[in-house]
Amino acid sequence: MIFDQAADGILLADPATKNLIMGNSTICQMLGYSEEEIKKMNIADIHPAEKLPEALEAFEKAKRKKIGLVENIAMRRKDGSVFCADANCSPIILNGKPYLIGLFRDITERKKMEEELKRSNTELEQFAYVASHDLQEPLRVVESYLQLLEKRYRGKLGEDANDFIGFAVDGAKRMQSLIKDLLTYSRIGVRGKEFKPVNVQLLLSQVLAGLRSIVEESGAEVSFNDLPVVLADEVQVGQLFQNLIGNAIKFRGPEKPKVSITAEKKKNEWVFMVCDQGIGINPAHTERIFKIFQRLHTREEYPGTGIGLSICKRIVERHGGRIWVESEKGKGSTFYFTIPFAGICLAL
């Protein structure tokens, strides 16, 4: 039989009775039944009882062509053990009779790998958090003594010594900023708060109060209105807006910066837009900027650690959303990010 050459398991079922008509050798191996046994079975026999309603619902939708791919469906073997599969189901006519055909792929190994990756990522985040946290105290000691040296001996040890002390103090300060940003980055996945209704309009007012000094110094105009309430981690969304608005002001041209924040309601999510009239970004770099430690400018041109947009990306992904930018060099940038209505929280 040609079906026996397929790598995926295949089942043919009667759409009216839900009885199984045939199964190829791959599905027989998956389930532990012989081909003859399969022919005497019903859809209800190959799914665990607690997951049967979901399987039957998917069966009915497939009959009506309302669904094709069914991901992560629970299957029960002959020995009673349960595994997960992805199924692709659709109606089919054979010899003038209607049937439902399903292709099944065992995803047990894939799920194991995903769980292992998730565990490794959590361990890595914990390590980054502990390492960054523990580095702060010795670095504070180094920085304080360097500042003491600078205060007591500047101008007494010659110009070279003044320069060397200045370089050391500057390096310690940059390391302190880097560790602080790394701590923020590592906390997103493991120390996030519970999602609650967040009034974004009110939250932005609070964010701008915290950015008052750079807003006044730059003469920036920041506008926003009629922003929605979303289910989110208020602290992290505040950090997200703070980073995006801060960047819009930092990477400005000769004109006073203008930043506008708007939101648009889509089918199942809010799309937020942070638009500026700054120096813009070469379209070739619009993906690179979201990677950790990626900088498009030198520290002398624009200070920073190169982690800010990576933090934004992790925050948005934790909320089940997406973030991207549209920009041209010299023509400003618009950063977009989405937050689903349902307040989906993803473990990173």
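**Aromatic pairs and nonpolar cores**

Phe341 counts as partly exposed because its relative accessibility is 31%; buried means under 20% relative accessible area, exposed over 50%, and partly exposed in between (1.4 Å probe, protein chains only). The model is a predicted one, in which local features need pLDDT of at least 70 and side-chain atom pairs count only at pLDDT 80 or more, while totals for chains, interfaces and linings use all residues. Residues are numbered from 1 along each chain as its sequence is written, and side-chain values use heavy atoms, with hydrogens and water left out.

**Aromatic pairs**

- The structure holds 6 aromatic pairs; rings of Phe, Tyr and Trp (its six-membered ring) pair if their centres lie within 6.5 Å, and planes under 30 degrees apart count as stacked, over 60 as edge-to-face and the rest as tilted.
- Phe241 is buried, with a relative accessible area of 1%, and Phe272 is buried at 0% relative accessibility.
- Trp270 and Phe341 also form an edge-to-face pair, at 6.0 Å centre to centre and 70° between the planes.
- Trp270 belongs to strand E10 and Phe341 to the segment after strand E12 (333-340), so their pair ties together parts that are 71 residues apart in sequence.
- Trp270 counts as buried because its relative accessibility is 17%.
- One aromatic cluster is formed by Phe241, Phe272 and Phe337.

**Nonpolar cores**

- The largest nonpolar core has 39 residues, and those with the most contacts inside it are Phe241, Ile245, Phe335 and Phe337; such a core is a set of buried Ala, Val, Leu, Ile, Met, Phe, Trp, Tyr and Cys residues joined through side-chain atoms within 4.5 Å.
- Among the elements that give two or more residues to this core are helix H6 (200-210), strand E8 (229-232), strand E9 (258-265) and helix H9 (308-318).
- Helix H8 provides the largest share of this core, 7 residues.
- Beyond its neighbours within four places in sequence, Phe335 is in contact (heavy atoms within 4.5 Å) with residues including Leu244, Phe272, Ile281, Phe290 and Trp324.
- A second, separate core of 25 residues includes Ile38, Ile43, Met75 and Ala87.

**Backbone angles**

- Most residues other than glycine have a negative phi.
- Asn72, found in strand E3 (residues 69-76), has a positive phi near 60°.
- Asn72 counts as partly exposed at 41% relative accessibility.
- Asn95 also has a positive phi, of about 55°, although it is not a glycine.
- Asn95 lies in the loop between strand E4 (82-94) and strand E5 (97-106) and counts as exposed at 83% relative accessibility.

**Surface patch**

- Val141, Tyr145 and Leu148 make a nonpolar surface patch of about 280 Å².
- Leu148 lies in helix H4 (residues 108-153) and counts as partly exposed at 35% relative accessibility.

Notes. Patches are made of residues with over 30% relative accessible area and no salt bridge: like charges are joined within 9 Å, nonpolar side chains (Val, Leu, Ile, Met, Phe, Trp, Tyr) within 5 Å. Accessible areas come from the Shrake-Rupley method with a 1.4 Å probe; for residues, only the protein chains shown count as cover. A salt bridge is a side-chain nitrogen of Lys or Arg within 4 Å of a carboxyl oxygen of Asp or Glu. Helices (H or I, at least four residues) and strands (E, at least two) are DSSP runs, numbered from the N terminus.
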